[in-house]
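The sequence and the model come first.

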Amino acid sequence: MKLAKTSPESPVYSPSGHLRMSRRRLVWEKIGAEYVEVSEAEMEVGGGKDMHSHENSEHILYVIEGKLRVKGDKEEVEVEKGMAVLISPGELHLPYNPGPGKAVFLVINAPPIPPRPKELK
């Protein structure tokens with residue numbers, strides 16, 4: 001068993017290709033997690049990412065504060081506080097924050113999505 005604590009060892013960073021968003025890894029390889037990673041993210045109004053997919057990972061977004069919209073190739077869903085969306089491996093998706101305030105959410109990937117940002121290795 002390992003206790004994961006947010007600390008200076010888990011710095012805040014802006015993922016490449018994401019607009020108006022920051023993340024902090026909570027559970028990841030540095031604490032010994034091999035098969036899953038969990039990050040806390042904040043996205044400002046208007047923030048988001050282009051349409052993309054994660055070929056080998058399940059991708060879950062769990063909203064803690066605010067709301068997200070996630071557009072897929074066939075539908076678009078609104079994910080509010082206390083809700084999660086499961087995005088299957090290879091599924092195209094475009095998450096964004098429509099407002100009115102910032103969105104705070106957990107990002108869960110299983111297995112972890114490479115590559116790792118340089119500052120987190």
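## A buried pair

Arg 25 and Glu 37 are both buried (under 20% relative accessible area; over 50% is exposed, and values in between are partly exposed, with a 1.4 Å probe and protein chains only). Their side chains meet in a salt bridge, with 3.1 Å from N to O. A salt bridge here is a side-chain nitrogen of Lys or Arg within 4 Å of a carboxyl oxygen of Asp or Glu.

Strands (E, at least two residues) are DSSP runs, numbered from the N terminus.

## Basis of the values

The model is predicted: local features need pLDDT of at least 70, side-chain atom pairs count only at pLDDT 80 or more, and totals for chains, interfaces and linings use all residues. Residues are numbered from 1 along each chain as its sequence is written, and side-chain values use heavy atoms, leaving out hydrogens and water.

Glu 42 forms a salt bridge with Lys 102, and their closest N and O atoms are 3.4 Å apart. Glu 42 is in strand E3, while Lys 102 is in the loop between strand E8 (93–96) and strand E9 (103–110), 60 residues apart. Glu 42 is partly exposed at 30% relative accessibility, and Lys 102 is partly exposed at 32%.

## A network

A salt bridge of 3.1 Å, N to O, joins the side chains of Glu 78 and Arg 69. Salt bridges that share partners connect Lys 67, Arg 69, Glu 76 and Glu 78 in one network. The count by this rule is five salt bridges.

Note on methods: Helices (H or I, at least four residues) and strands (E, at least two) are DSSP runs, numbered from the N terminus.
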